[in-house]
Amino acid sequence: MEQTFGGRLRGYRKGKHLTQQELAERIGVSDKTVSRWESGRGLPDLALLEPLGAALGVSVAELLSGECVTNRNRAGNPLRGRFYVCPVCGNVIHAMGEGSFHCCGVALPPLEAEVPDETHELTAEDVDGEYYVSLAHPMEKGHFISFLALVGPSRLEIVKLYPEQEAAARFSKRGGGILYACCNRHGLFCRKL
Ligand SMILES: [Fe+2]
């Protein structure tokens, strides 16, 4: 993958079999402007990044970072999915395939789920035909479980939690899956249900 913005732009344009003129027309600039960007003598306006990405069939994140995202698994499989959590605002993203995700100006790496230690042990009980999932974990402002999730082969349930709440949630009982707990300080933990 080309390291410069201009080089990537040229690569994406050629991949789409577009001339500089054709790309320029699609986003409402002159072919000289596109030529300037590709040769590194200028960068597009922020407002042009979305239409540029759309014309080239790539996301703005791919255009800017050069991270190439390919999904062989077109259908998406929740069980192979990954969680991404924004360290700035706490936004939670779950992706069923490869992706490049940004939030609050930060590129988010996928969280690697670990086997729970004693503090992050996940208990699941059958209560009234539902799974009652809980942890004996602090729920203080600086250290708490920020979400619990149950991921099945065709279903994803996320329960967002906040400090002072109970570290527990109920999930519908439809077969097994993978239980996840995310601690704001220690990361993601999982166990099979
Ligand atoms: Fe923790």
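Predicted model: local features only at pLDDT ≥ 70, side-chain atom pairs only at ≥ 80, totals over all residues.
How many disulfides does the structure hold? The structure holds zero.

1. A disulfide is a covalent bond between the sulfur atoms of two cysteines. In this model the sulfur of Cys86 has its closest cysteine sulfur in Cys89, at 3.7 Å, which is too far for a bond, given that a disulfide requires the two sulfur atoms to be within 2.5 Å. Cys86 is buried, with a relative accessibility of 3%. Cys190 is likewise in no disulfide; the cysteine sulfur nearest to Cys190 belongs to Cys182 and is 12 Å away. Cys190 is partly exposed, at 23% relative accessible area.

2. Is His120 buried or exposed? His120 counts as buried, with 1% relative accessibility. His186, by contrast, is partly exposed, and its relative accessible area is 39%.

3. Overall form. The protein chain comprises five helices and eleven strands. Its radius of gyration is 22 Å, well over the 16 Å that the globule rule gives for 193 residues, so the chain is more spread out than a compact globule. The C-alpha trace spans about 65 × 35 × 25 Å along its principal axes.

4. Burial, contacts and surface. Of the 193 residues in the protein chain, 37% count as buried. When contacts between residues at least 6 apart in sequence are considered, 51% of them join residues at least 24 apart. The chain exposes about 11000 Å², and carbon and sulfur atoms supply 50% of that area.

5. Antiparallel hairpins. Strand E7 (residues 145–151) and E8 run antiparallel and are joined by five bridges. They form a hairpin with four residues between the strands, and Ala149 stands opposite Ile158 in E8. E5 and strand E6 (residues 130–134) also run antiparallel, with five bridges joining them. Here the hairpin has two residues between its strands, and Glu125 has Tyr132 in E6 as its bridge partner.

6. Most residues other than glycine have a negative phi. Glu164 lies in the loop between strand E8 (156–160) and strand E9 (168–172), where it is exposed, with a relative accessible area of 70%. Asp128, in the turn of the E5–E6 hairpin, has a positive phi of about 50 degrees. His17, which follows H1, has a positive phi near 55 degrees.

7. Helix H1 and its packing. Helix H1 covers residues 5–15, and its buried residues are Phe5, Gly6, Gly7, Arg8, Leu9, Tyr12 and Arg13. Against which helices do the buried residues of H1 pack? They pack against helix H2 (20–27), helix H3 (31–38), helix H4 (46–56) and helix H5 (60–65).

8. Trp37 in the helical part. Trp37 is placed in helix H3 and is buried, at 3% relative accessibility. Leaving aside residues up to four places away in sequence, Trp37 touches Gly6, Leu9, Ile27, Val29, Gly42, Leu43, Pro44, Leu48 and Leu52. Gly6 and Leu9 are among the buried residues of H1. Trp37 and Glu50 are 13 residues apart in sequence, and their C-alpha atoms are 15 Å apart in space.

Definitions and conventions:
Residues numbered from 1 in each chain as written. Heavy atoms only, no water. Buried < 20%, exposed > 50% of the residue type's maximum accessible area, 1.4 Å probe, protein only. Rg over C-alpha atoms; globule rule 2.2 N^0.38 Å. Contact = heavy atoms within 4.5 Å. Areas by Shrake-Rupley, 256 points an atom, 1.4 Å probe, with all protein chains shown as cover. Pairing = 2+ DSSP bridges.
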